[in-house]
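Subject: Handing over the structure

Hello,

Here is the structure you will be working with. Please open it and keep it beside this message as you read.

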Amino acid sequence: MLSRTSHSFIDFKAVSCEKINKLFSVAEQISSNNLPSLNFSRFNNTGKTGALLFFEASTRTRMSFETAVARLGIYPLRLDGSSGSSLEKGETLEDTVLNVAAMNPSFLVIRSGDSLNLHELSKKVSMPILNAGWGKVGHPTQALLDAYTIRKNLGTCEGQRLLIVGDVRHSRVAFSHFELAEKLGYEIALCGPPEFLPKNYSGKIFKSIREGLGWATVAMALRVQLERHSVKHSLSEYREQFGLTKDNLSELSSKALIMHPGPINQGTELDSDVLLDSRCKVLDQVSNGVLIRQALIYCVLEGEL
Ligand code: CP
């Protein structure tokens with residue numbers, strides 16, 4: 001029987017570097033089809049279910065978790081948005097989660113806004129909660145798949161210099177990277193309009209995108225999250241100063257990586273032709289997302305996380 005909270009994966013606070021490396025090693029074994037030591041087939045025909053509760057929109061995270069559970073032989077219980085569920089009748093998000101948990105899935109994958117508290121919820125259910133993007137708080141599987149992509153392409157995360165460009169203040173991805181960077185030893189610098197950067201940030205900031213790109217071994221653009229802004233910014237001005245373009249990317253090393261967690265506003269955070277740059281790993285990030293989520297579910301069910 002799993003303990004009430006110990007196997008949830010909500011942030012990196014309780015996850016050791018050793019466990020992160022174990023997860024990467026499982027993802028690598030899945031990737032290279034080197035599975036004899038991992039008994040994946042043991043989940044087949046066992047009636048195991050996994051609940052995928054997406055209360056906010058998602059393409060990559062939702063479908064990669066869905067692919068991951070399918071490959072593990074686990075049946076997905078899906079809830080997408082409120083349409084067709086009793087949320088439409090006024091049931092609360094928390095009640096929805098508790099009712100699904102009462103059906104005893106092996107784990108709950110949850111994407112939600114800030115109004116749910118995943119830490120509090122994890123004390124009320126008996127199965128692990130896996131954070132699939134929680135408000136502005138964190139998106140740890142995205143940070144993991146980014147780090148896995150960096151490791152795969154550059155050999156290690158340790159010592160890398162990650163430039164995060166854009167709407168950091170509203171980015172759960174960036175906040176998960178702040179936590180993960182401390183575990184894996186990569187440095188972070190930010191670049192963006194002051195109103196997009198976290199208040200009271202004491203780390204490295206580049207005012208000039210060109211200088212930042214000259215420093216970075218990985219340049220990660222973030223989506224401008226207009227839906228979370230009270231004051232609307234000019235996207236053309238943003239692109240002019242902070243968009244990744246063929247021109248300013250001449251400052252980035254030929255060995256460096258260009259990344260974006262998606263979804264991308266093409267022509268704002270980066271130009272369409274940047275997606276064709278050989279340094280650009282945007283779709284590799286998506287492929288690696290399936291490996292990381294499959295590895296995560298496997299490790300959680302095996303009690304290894
Ligand atoms: N990167 C990411 O979380 O994408 P989705 O919102 O499409 O899942």
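Predicted model: local features only at pLDDT ≥ 70, side-chain atom pairs only at ≥ 80, totals over all residues.

Residues are numbered from 1 along each chain as its sequence is written, and side-chain values use heavy atoms, with hydrogens and water left out.

**Two sheets**

Some terms come up at once. Helices (H or I, at least four residues) and strands (E, at least two) are DSSP runs, numbered from the N terminus. Two strands pair if DSSP finds at least two bridges between them.

Start with the open sheet of 4 strands. Its order is β2-β1-β3-β4, and the pairing is parallel. β2 (75-80) and β4 (129-134) are at the edges with a single partner strand each, so one side of each has no neighbour in the sheet. From one strand to the next, the twist averages 10°. Axes here are lines fitted to C-alpha atoms, for helices over the stretch in contact; angles run from 0 to 180 degrees between N-to-C directions.

Now look inside this sheet. Strands β1 (residues 49-54) and β3 (residues 108-112) pair in the parallel sense over 4 bridges. Phe54 has Arg111 of β3 as its bridge partner. Helix α3 (residues 93-101) packs on the sheet and touches β1, β2 and β3. Its direction makes about 170° with that of β3. Contact means heavy atoms within 4.5 Å.

The other open sheet has 5 strands, in the order β7-β6-β5-β8-β9, again with parallel pairing. Its edge strands, β7 (204-206) and β9 (257-259), each pair on one side only. Here the twist averages 25° from one strand to the next. β5 (residues 161-165) and β6 (residues 187-191) run parallel, joined by 5 bridges. Ile164 has Leu190 of β6 as its bridge partner. Val165 stands opposite Cys191 in β6.

Why is β5 largely enclosed by the rest of the structure? Because 4 of its 5 residues are buried. Buried means under 20% relative accessible area, exposed over 50%, and partly exposed in between (1.4 Å probe, protein chains only).

Helix α5 (residues 140-154) lies across β8 (218-221) and β9, at about 160° to β9.

**Cores**

A nonpolar core is a set of buried Ala, Val, Leu, Ile, Met, Phe, Trp, Tyr and Cys residues joined through side-chain atoms within 4.5 Å. The largest one has 56 residues; Phe65, Leu130, Leu144, Leu180 and Ile297 touch the most other members. Helix α9 (residues 282-301) gives the largest share, 9 residues. Another core, of 24 residues, lies apart from it and includes Phe206 and Leu244.

**Ligand and His139**

Which residues surround the ligand? They are Ser58, Thr59, Arg60, Thr61, Arg111, His139, Gln142, Pro261 and Gly262, each with a heavy atom within 4 Å. An oxygen atom of the ligand is 2.8 Å from a polar backbone atom of Thr59. An oxygen atom is also 2.8 Å from a side-chain N or O atom of Arg111. A nitrogen atom of the ligand is 2.8 Å from a polar backbone atom of Pro261.

His139 sits in the loop between β4 and α5. At 4% relative accessibility, His139 counts as buried. Its side chain makes a polar contact of 3.2 Å with that of Arg111. A polar contact is a pair of N or O atoms within 3.5 Å; within protein, one must be able to donate a hydrogen and the other to accept it, and residues adjacent in sequence count only if both atoms are side-chain atoms.

Best wishes
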